[in-house]
Amino acid sequence: NDEFSKITLEHISKIITDGKIYHLENNNYKKILDMKNIETMQLLKNPVDFLKNNKMLDTLYLDLKQNENILEMIKNYEPILKQKGFLLFLYNFQSIENQNNKKELQILLNKLKDTFEMVQEINLTDFFKSSFMIIMTKI
């Protein structure tokens, strides 16, 4: 739900007050664009082109509706995230009880362990019935 995504981004912007939070462009987020620490970015095609006109990212927030693209998106944006920069992403489950979902998340985290270190895994089921927030830092 886009409203939940917007609320989550607003909360994150209140927690992270040092540096900028970058999120992918979404027309439903127009109301929060006046927050000083949130920057909207276009879908990245080439990290080198992005860095010609921009600084490395402090924090990247990904909230994708489907998990199948999450590894590709993280690897695409990783080159422009500062060392010790934060990666925050929502991982959405079809059903929190489904063991395959948990296994898929663990496989994803194992694929990221050479580049990112786990900071925290937050079960959001009290707020969003089928989501986890993953917070990692680039090593």
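**View 1. Lys138 and Glu78 in a salt bridge.** Lys138 counts as buried, at 10% relative accessibility, where buried denotes under 20% relative accessible area, exposed over 50% and partly exposed in between (1.4 Å probe, protein chains only). The side chain of Lys138 meets that of Glu78 in a salt bridge, 3.0 Å from N to O; the term requires a side-chain nitrogen of Lys or Arg within 4 Å of a carboxyl oxygen of Asp or Glu. Glu78 lies in the loop between α3 and β4 and Lys138 in strand β6, so the pair ties together parts that are 60 residues apart in sequence. Glu78 is partly exposed, at 22% relative accessibility. Helices (H or I, at least four residues) and strands (E, at least two) are DSSP runs numbered from the N terminus. The model is predicted: local features need pLDDT of at least 70 and side-chain atom pairs count only at pLDDT 80 or more, while totals for chains, interfaces and linings use all residues. Residues are numbered from 1 along each chain as its sequence is written, and side-chain values use heavy atoms, with hydrogens and water left out.

View 2. In the salt bridge between Asp58 and Lys82, the closest N and O atoms are 2.6 Å apart. This pair links distant parts of the chain, with Asp58 in strand β3 and Lys82 in strand β4, 24 residues apart. Lys82 has a relative accessible area of 35% and is partly exposed. Lys52 forms a salt bridge with Asp49, with 3.4 Å between the closest N and O atoms. These two residues are three apart in helix α2 (residues 47–53), and about one helical turn therefore separates them. Lys52 is exposed, with a relative accessible area of 62%, whereas Asp49 is partly exposed at 41%.

View 3. Six strands form an open sheet of mixed pairing in the order β2-β1-β3-β4-β6-β5; two strands pair if DSSP finds at least two bridges between them. At the edges stand β2 (38–41) and β5 (116–123), each with a single partner strand, so one side of each is left without a neighbour in the sheet. From one strand to the next, the twist averages 25°. Strands β1 (residues 21–24) and β2 run parallel and are joined by four bridges, with Tyr22 opposite Glu39 in β2. Helix α3 (residues 70–77) lies across β1, β2, β3, β4 and β5, and runs at about 165° to β4. Axes are lines fitted to C-alpha atoms, for helices over the stretch in contact, and angles run from 0 to 180 degrees between N-to-C directions.

**View 4. Leu87 in the largest nonpolar core.** A nonpolar core is a set of buried Ala, Val, Leu, Ile, Met, Phe, Trp, Tyr and Cys residues joined through side-chain atoms within 4.5 Å. The largest holds 28 residues, of which Met41, Leu60, Leu87 and Phe89 touch the most other members. Helix α3 gives the most to this core, with five residues. Beyond four places in sequence, the residues in contact (heavy atoms within 4.5 Å) with Leu87 include Leu60, Ile74, Phe116 and Met136.

**View 5. Ile16 in the loop between α1 and β1.** Ile16 is found in the loop between α1 (2–15) and β1 and is buried, at 17% relative accessibility. Leaving aside neighbours within four places in sequence, Ile16 is in contact with Ile21, Asn37, Thr59 and Leu88. Ile16 and Ile38 are 22 residues apart in sequence, and their C-alpha atoms are 9.8 Å apart.
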